[in-house]
Amino acid sequence: MHAFFTPFGVYPNNAIVGGSGDIAVGAALYKKVNRKDGIVVANIGDASMACGPVWEGLTFATMDQFNELWEGDMKGGLPLIINIMNNQYGMGGQTCGETAGYTIAARIGAGLNEDQLHAERVDGYNPLAVIDAYKRKRKILEEKRGPVLLDVLTYRYSGHSPSDASSYRSKEEVEAWEAQDSIAWFGRELVKAGVATEEQLVGVKGDTINLMESSMKLAIDLTISPRMDMAKYPNLIGEMIFGNESVDRMEDRAPDVNHPMAENARVQQLAKKERFAFDENGKAHSKIKTYAYRDGIFEAIIDRFYKDPTLIAYGEENRDWGGAFAVYRGLTEALPYHRLFNSPIAEAAIVGTAIGYAMCGGRVIPEIMYCDFLGRCGDQVFNQLPKWQAMSGNVIKMPVVLRVSVGSKYGAQHSQDWTALTAQIPGLKVVFPATPYDAKGLMNAALQGTDPVIFFESQRLYDMGEMFHKGGVPEGYYEIAIGEPDIKREGKDVTILTIGATLYRALEAADILQEKYGMSAEVIDARSLSPFNYEPVLASVKKTGRIIISGDASSRGSFMKEMAQTISELAFDDLDAPPVVVGSRNWITPAYELEDSFFPCAEWMIDAIHEKIVPLKGHVVKNNFTSAEQIRRNKLGV
Amino acid sequence: MAIPVLMPRQGQSVETCILGEWVKKKGDAVKVGDILFSYETDKASFEEDAKADGILLDVFFAEGDEVPVLVNVAVIGAAGESVDEFRPGGQTAASVAETVAANEVVVEKTIAPEVKTVAEPTGKVKISPRAKNLAEKSGIAYQQLVGSGPEGRIIERDIEAASQALPKLTPLAQEKAKAEGLKAGETATGLGGKAVAKDLISYNPVYSDDFEVKKLTNMRKLIAKAMHTSLQNSAQLTHHMSADARTIMALRKKYKKALDAGQITQNITINDLVCFAVIKALKKFPQVNTHFIGDSMRWFKKVHLGLAVDTDRGLMVPAIKNADDLSLEGLSGQLQSIAGQCRKGNVNPELLAPEAATFTISNLGNYGVEMFTPVINIPQTAILGVCTIIPRPKDLGDGVYGFVPMIGLSLTYDHQALDGGEATLFLREIKEQIENLSI
């Protein structure tokens, strides 16, 4: 089902209905942006036209900016044919008359752009009609007036799967279609026109059957097509999950840029900034003068834009505005439209097209403005982005760095840390830097690789200067290995492992522990979630015997819990108390003014240490970290 | 009063013994010398007998238990007496013990204020894995600790506190360290990480542990104390002189002949003759036949002569009362008899007290010592060292020189009591007596 052959341009079939609807758009985008010849055909079912991501892909594919804003040879539509194999059924549902309302699938085009996608319904039982239609559509694509839509009428004789007894349709219906069967009819037409004889057709049919049968036999013959030897190579699948490659640029040619990097206003501005947060007296530089977290991300990205001609970036408000959090400020001036543009508010398309773009050989940075929107691109992030490298036997590469910004201050649907959702999925690398130095180094590493990386950022951090790395954030290029936690402060009595922005609250807690209770806390910044090297953490726990894990995610099912469990297993004999998770409450995120009762803070960490790890002399708790309360909350599911 | 029965210590290196068999059972009446139980080390088997009469009130270990030496294993006393104070791990400070017996884990009651213990563990003990590891490594019986962690969990700091309160040495090692001034070294090979006796080191970089430490006998301790006290509390100096020994050698020869002929029964020795001469000299110098006791002196009317006797157990100085009343043969008989008693160990202890004698003679002549500085047996004021007889050249008159046997005399006196002149005159008197001795 997932057979593919990229030299012929054949990409794998998707097991998710409509799963490639947006991926195909990305593939067309790749051809366009990188000036590759040819067209992209998205073979898609009539029922998949109901899928959100397919619609989002079509919306993306028909953006006005291709004609209105993209310049020069980039002006014009995508070379994409949406080829609806209209076989009347989606599983057991009949599109026409039951599960859809379009009656004629070609009418979908009318809702998408002025050209109505040049949509046509074609007799799919007539090969000549199909050939003619493709000739017409190809011309349109060559004139950069794509994409186009074909509603190719056909019929599905068999069921959706072996368990499908076709109980939803009548025998007469199937027989009526069989009476019109394309192969039989076209054969008769060929004989009638004197192109072939009956005997020849019988011969062709026999040859075809033989070919298919022998191909199948070869495929199922274990001596010719042996299965993977998992006994001999137990890690073989594991080795295909990631490529772990280091590639400067996906193609060797000059990148399209508007001016040399040195002339970029933002780059020039950054040169004047203080790359360490404090002056020689330990006093913090003013915010406006401080090189911040967002600058670290920017530097890594602009550097790659000038290195890798295939690199493009897009998402909501990425151009002109400079991104919602000003990470891309300055990029608009540096890059032509086709390398940095605004996408529709369609996260599935943002990620889905990036997958298609990367599968074809380009490097891409899609952006999800708020982590809360990950759900909008669930299939793309969970089923597509992580899977295709391993599903292709690691032939296909997936150099996608998906930037995801974790919010705060914006309530229940804009302040959630969903890092665990991505870290739980095999095939994704997940990082969450908390300092400018780490942000730049990890972004460099992410962009140097060819594996999909979910790059979490936090809106609490964009203004932060570098407080840890001596000498500040280096101006030059450097990478921080994905998966390596970093000890931000050494200590000996308790370890605090943080994910993301809680690092700073942990340092605050460490100060209080030192001053009020004489305990020295070791603060470790996880920096990455997956992969993750536990060794530095275990070494720390060996020393301290105690650990709390903190992050802004709701604690239930969080990655903090994963870490706590792993540490329990690996450091059991060193532990003086169970690893304790100090995450957010299992509630909706309340309004900004009430956030103190939702997100972990220094006080919570100290209360948790006191209650669960080591009672602190004279400490009076303000928050309930007792076991009884934990049980009660779990009973209630809050 | 009840007394404990200890697991005896068998040798310097034995830390624990295996209790073999209880010959007496709890409640049995025992008499001194009755065998109580057998026990064994890795090298041999032994039996421990009762050191007191009474009832075997309680036994603390079962047959087959491994018991640290010097730990109470039983109590003998009168019926009804309490044995709790002797129970290992109880209130008795001396009975620190640990044992590997299955259900008999014992800890010392700690005195560190931060460590709380409960008499009986209640329910399942809550302890963190880290604390448990540390407890096992440091030999802390955590079951009886009160945890300071959440919900009473025993955590690392509780074990650390308990470990600081517990001795780092086994009972034997403690005793050895105290006796020999040793310390626990880097390695501790004993049960629960405690240093055992062989782990103790002296920290001497030169000879390291290339020696064997033997405890002083009580005898030796007494001598050591007496000698040290003597030198510290008196102003001693020694004069040396020698006397022509021809007279006493001739006398000795004469008496020997008489003894061999059966005319006398007593073997008169040179030493007897010298003592006899000294007694005579003392009669002329009563200021030497004295005790110096700080602000006054005891002037004795009679001569009670002390004689230094070398025995297997060490130096003894018995006194011969009223020696000036004795004839030469009588003196000789008494000297021989009392020396024999010293060597046998049945001498009357009163005669050994320094105060018993008024003057002491120490004769090393038999060993060839030519000169020495004997130490006064205070409060006596002087002591005479008698040395060997050596032929020395002497003016025999008329320009004739010959070799004459001379006996060395070393008089140590307390300058607090006597002046040099007096001492010299006394020594000269001894010389005169020896050279002109006539019986």
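**View 1. Met261(A) sits in a loop of chain A, between α8 (236-241) and α9 (265-271).** Keep in mind for this and every other view that the model is predicted.

**View 2. Helices α10 (residues 293-307) and α16 (residues 436-448) of chain A pack with their axes within 7 Å.** The two axes cross at roughly 25 degrees, and α10(A) and α16(A) are therefore roughly parallel to each other. That label goes to angles under 35 degrees. As for handedness, α10(A) passes α16(A) in a right-handed crossing. On the α10(A) side, the contact is made by Tyr293(A), Asp295(A), Gly296(A), Ile297(A), Glu299(A), Ala300(A), Ile301(A) and Arg304(A). Across from them, α16(A) brings in Pro436(A), Tyr437(A), Ala439(A), Lys440(A), Met443(A), Asn444(A) and Leu447(A). Sort the residues of this contact by type and you get nine nonpolar, two polar and four charged.

**View 3. Over in chain B, helices α6 (residues 270-284) and α8 (residues 420-435) cross at roughly 135 degrees.** Their axes come within 8 Å. With that angle, α6(B) and α8(B) are therefore oblique to each other, and their crossing is right-handed. Which residues of α6(B) meet α8(B)? They are Val274(B), Ala277(B), Val278(B), Lys280(B), Ala281(B) and Lys284(B). Their partners in α8(B) are Phe426(B), Glu429(B), Ile430(B), Gln433(B) and Ile434(B). By type, the contact of α6(B) with α8(B) splits into seven nonpolar residues, one polar and three charged.

**View 4. Four strands of chain B make an open antiparallel sheet in the order β5-β4-β2-β7.** At the edges you'll find β5 (45-49) and β7 (66-68), each pairing on one side only. Ignoring direction, neighbouring strands here are turned by 40 degrees against each other on average. Zoom in on β4 (residues 35-40) of chain B, which runs antiparallel to β5(B) and is joined to it by five bridges. A handy landmark is Ser38(B), opposite Glu47(B) in β5(B).

**View 5. Another open sheet in chain B has six strands with mixed pairing, ordered β11-β20-β19-β18-β14-β17.** The edge strands are β11 (236-244) and β17 (319-320), and each has pairing on one side only. How do β14 (residues 305-307) and β18 (residues 359-363) of chain B run, parallel or antiparallel? They run parallel, with three bridges joining them. To find your way in this pair, look for Leu307(B), which stands opposite Ile361(B) in β18(B).

**View 6. Chains A and B touch through twelve residues from chain A and ten from chain B.** On the side of chain A that touches chain B, the residues divide into six nonpolar, one polar and five charged.

Terms used. Residues numbered from 1 in each chain as written. Chains lettered and ligands numbered in written order. Predicted model: local features only at pLDDT ≥ 70, side-chain atom pairs only at ≥ 80, totals over all residues. Axes fitted to C-alpha atoms, helices over the stretch in contact; angles between N-to-C directions. Helix = DSSP H or I, 4+ residues; strand = E, 2+ residues; numbered from the N terminus. Parallel < 35°, antiparallel > 145°, perpendicular 65-115°, else oblique. Left-handed = near helix turned anticlockwise from the far one by under 90°. Contact = placed C-beta atoms within 7 Å. Nonpolar A, V, L, I, M, F, W, Y, C, P; charged D, E, K, R; others polar. Pairing = 2+ DSSP bridges.
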